[in-house]
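Please keep the sequence and the coordinates at hand while reading.

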Amino acid sequence: MPRKTNGILFELQPRPTKGEDGKPLLYAQPVISRKWNVKDIDDFCTRYRHTSKGEIERFFSLIEEVTTMWLRDGYRVDTPFGSFAPKLKLVGEHTDPSKVTGRDILYGGVEFIPSKQFVKDADCSREGFRRRISSVGNSQMYDSAAMEEALRRCTSKGYTTIKSFQIFSGLKPKSAKAYLDSLCEGPNPRMWRYREGRTWHYAYLKNNPPV
């Protein structure tokens, strides 16, 4: 079967939960190969939608000014894209409403609910989808041989760092740190960690050299 060359490129990532075979369940996410900004939209509209140079940038600036003005007053703002409203956080744990005051409330960001028409217009399934062939998330972390080889290669100086281990293991920052931290924990740790400046260093314990 010929390989698909059009459609939205996607990649698979592991979920925290596992399936019946003990492996992480998967989810799909688009591979974002480019990021467009307001200037790009303005340039595109100037060339293909007959707007004047800077018109779209000024429009978005004005929309941001008016929308945030109303959000600061606690209003919800409906637009063709969707609706915006302020989010609030209640500090601490409370069960008695009569004891909650304005001092217990913090600004928690902005809630955005896309409109049904916006979601429909953004439908990217017309050309189908094609998978980027790569490791699934940090699935290599469950390959003990691969992790041991990565550790061996990045500890040639007697220690490693999270960034260095990332390069040899292919793990993402949080997963690389979690893996190295796990080697420093438990009743029989293999490594110990120490900090120099802002960088954590990981070294093998004398009684537990690399495999």
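How much space lies in the largest pocket? About 390 Å³ lies there, where a pocket is an open set of points, on a 1 Å grid over the protein atoms alone, at which a 1.4 Å probe fits, with protein on both sides within 12 Å along at least five of seven lines, and where the volume is the space filled by probe spheres set on the points, joined across faces, edges and corners. This is a predicted model, in which local features need pLDDT of at least 70 and side-chain atom pairs count only at pLDDT 80 or more, whereas totals for chains, interfaces and linings use all residues. Residues are numbered from 1 along each chain as its sequence is written, and side-chain values use heavy atoms, with hydrogens and water left out.

The largest pocket is lined by Ile8, Leu9, Pro30, Val31, Ile32, Ser33, Arg34, Trp36 and Cys124, lining residues being those with an atom within 4 Å of a point. By class, this lining holds seven nonpolar residues, one polar and one charged; Ala, Val, Leu, Ile, Met, Phe, Trp, Tyr, Cys and Pro count as nonpolar, Asp, Glu, Lys and Arg as charged, and the others, Gly among them, as polar. Ile32 is exposed, because its relative accessible area is 65%, with exposed meaning over 50%, buried under 20% and partly exposed in between (1.4 Å probe, protein chains only). The C-alpha atoms of Ile32 and Phe10 lie 8.6 Å apart, although 22 residues separate the two in sequence.

Cys124, also in the lining, is partly exposed at a relative accessible area of 41%. Cys154 is in no disulfide, the nearest cysteine sulfur, that of Cys184, being 12 Å away, whereas a disulfide is a pair of cysteine sulfur atoms within 2.5 Å. Cys154 is buried, with a relative accessible area of 6%, and a search of the whole structure finds zero disulfides.

Turning to the whole chain, the secondary structure comes to six helices and nine strands. The radius of gyration, taken over C-alpha atoms, is 25 Å, while a compact globule of 211 residues would have one near 17 Å, by the rule of 2.2 Å times the number of residues to the power 0.38. The C-alpha trace spans about 70 × 65 × 40 Å along its principal axes, and 24% of the 211 residues count as buried.

The loop between α1 (38-48) and α2 (55-72) contains Ser52, which counts as partly exposed at 39% relative accessibility. Leaving aside residues up to four places away in sequence, Ser52 touches Asp42, Thr46 and Arg58, contact meaning heavy atoms within 4.5 Å. His50 is found in that loop between α1 and α2 as well and is exposed, with a relative accessible area of 76%. The phi of His50 is near 60°, a positive value in a residue other than glycine. Most residues other than glycine have a negative phi.

Methods: Helix = DSSP H or I, 4+ residues; strand = E, 2+ residues; numbered from the N terminus.
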